[in-house]
Amino acid sequence: MARGLIHSDQDNVCVATTDIKKGEEVLCAYLEGNSHLIVKSVDDIPLGHKIAVKDVRQGEKVIKYGRPIGVATQSISKGQHVHVHNLKSMRWGK
Amino acid sequence: MITINGYVRENGAVGVRNHVLVLPLDDLSNSAAVGVSKLVNGVISVPHPYGRLQFGRDLDLFFHVLAGSGANPNVAGAIVIGIEDNWANKVADEIAKTGKPVEVFPIEGYGDLKTIEKASRKAKEMVQEASEKRRTEVDISSITMSIKCGESDTTSGLASNPAVGVVVDKMVDLGATVMFGETSELTGAEDIVAEKMANQALRKKFLKIYKEYIDVIEREGVDLLGSQPTQGNIKGGLSTIEEKALGNIQKLGHRKVNCVLDYLDPLNKERGGTLCFVNTSSAAAEAVTLFAAKGSVLHLFTTGQGNIVGHPLIPVIKITANPKTAKLMSEHIDVDVSDLLDLKVSLEEAGERIYNYTLKVANGRLTAAEVLHHEEFSPIKLYISA
């Protein structure tokens, strides 16, 4: 099974620690505590890239490290690749 | 007591290398400086493009970097070559305050060849003198080191940076000094860094420096989108500056920041350990060069996608948690902590691995960057020349 890690239990994204193929199930382990969740990818996701573990509406914040890292520029559904095509900084590039 | 074997300099500062440095004061003097390093075995020259018609704070910073480089405890002796001798003398006088041997050779009135000959004869003496210096046992608290990441990706924030944070905690607890910087790259986490300050005065100073840096960028009518995150960062999965900054600060560890330095401020060490913010660019070579000028003798550099930077005077230890980078760029990587991504080792174990390697390098083991001639010397320039 493909794998990923989640920094904080408030996060809505998981970081892929292996290359993930579309349709693969991904075991995302939480760095804090011993729990994990499983999400089915709907995109190819390269190692180091983010996969949504919850639906995120357009304009909603993407959370990583328990902190907002930017705003969704379009609706993102669970299992989608989260990156510069659907997430932008709140600080720069307004 | 934890000790390393270092070089104790005339002023008591401890180095982990024993270089003889030929410092070109200006761009015109690079040829002569490189000439000396080609003729005399064991001499390092540091060519750079600056040193003519600089002024104001930029000139002060330039002198600070040149004099600080010569004064670095990894340097046994220094020769300054300049087209004229007035500025060269100014830098040499600063270096001489450490008590180490320094000589100046001006080119005007002599030409390159005669200057190279005279400087080479002196350099030969300095190398032979330096070769007699022996490593002696010193407490690890005498180490001043620095940390920075580059070509970061999400593996940096997940694994290599927090593992370096373990080392930073340990070094500070042992009484050593650790510097960090990357001012613009703290954007999105600057409030967290401000919270880590040991007192209100330091917090105010840090936020003032941070704001001034961002103001300079914004005065140009731009933001840093497109360069922060860099294309390499984006390739590695980092989407925004906030995400990059939150990953970046993982390497600061958990101790209070008890020192904040603007460009020209000298480093003063606290007896119980120092964790120091230094106002620097986020460009790898510029930041490492400024840390070295402020006295860092050793640098921990985490990379995701594979930054290859080194420095002529201080060993730069390259650490990655990206298994692809560890494999594809193995010749540049000193410590691989990619097993952290599979949770096969604990953060403490990975930190211990980096710490042990750091001690080895402090005791003389050469880093990948040293062996591969990565000798990037990049003084920061603040504005146009007069």
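In the predicted model, strand S5(B) and strand S6 (residues 102–106) of chain B run parallel and are joined by five bridges; two strands are taken to pair if DSSP finds at least two bridges between them. Helices (H or I, at least four residues) and strands (E, at least two) are DSSP runs, numbered from the N terminus. Residues are numbered from 1 along each chain as its sequence is written, and chains are lettered from A in the order in which they are written. Local features need pLDDT of at least 70, side-chain atom pairs count only at pLDDT 80 or more, totals for chains, interfaces and linings use all residues, and side-chain values use heavy atoms, with hydrogens and water left out.

Strand S5 spans residues 75–82 of chain B, and eight of its eight residues are buried, so the strand is largely enclosed by the rest of the structure. Buried denotes under 20% relative accessible area, exposed over 50%, and partly exposed in between (1.4 Å probe, protein chains only).

Strand S11 (residues 274–278) of chain B is likewise mostly covered, with five of its five residues buried. In a regular strand the side chains alternate between the two faces of the sheet. On one side of S11(B) lie Thr274(B), Cys276(B) and Val278(B), on the other Leu275(B) and Phe277(B), and all are buried. Strand S9 (residues 177–180) of chain B runs parallel to S11(B) and is joined to it by four bridges; Met179(B) stands opposite Cys276(B). Strand S10 (residues 259–261) of chain B is also parallel to S11(B), through three bridges, with Leu261(B) as the bridge partner of Val278(B).

An open sheet of three strands in chain B has the order S2-S1-S7, with antiparallel pairing. Strand S2 (14–15) and strand S7 (136–139) of chain B stand at the edges, each with a single partner strand, so one side of each lacks a neighbour in the sheet. Strand S1 (residues 3–8) of chain B is joined to S7(B) by four bridges, and Gly6(B) stands opposite Thr136(B).

The contact between the chains (heavy atoms within 4.5 Å) takes 28 residues from chain A and 37 residues from chain B. About 2500 Å² is buried between chain A and chain B, 60% of it from carbon and sulfur atoms; this buried area is the accessible area (1.4 Å probe) that two parts lose on being put together, summed over both. Six salt bridges are counted between the two chains, each defined as a side-chain nitrogen of Lys or Arg within 4 Å of a carboxyl oxygen of Asp or Glu. One salt bridge joins the side chains of Glu243(B) and Lys64(A) (2.7 Å, N to O). On the side of chain A that touches chain B, strand S1 (2–6), strand S7 (67–72) and strand S9 (87–88) of chain A each supply at least two residues, and S7(A) gives the most, with three residues.
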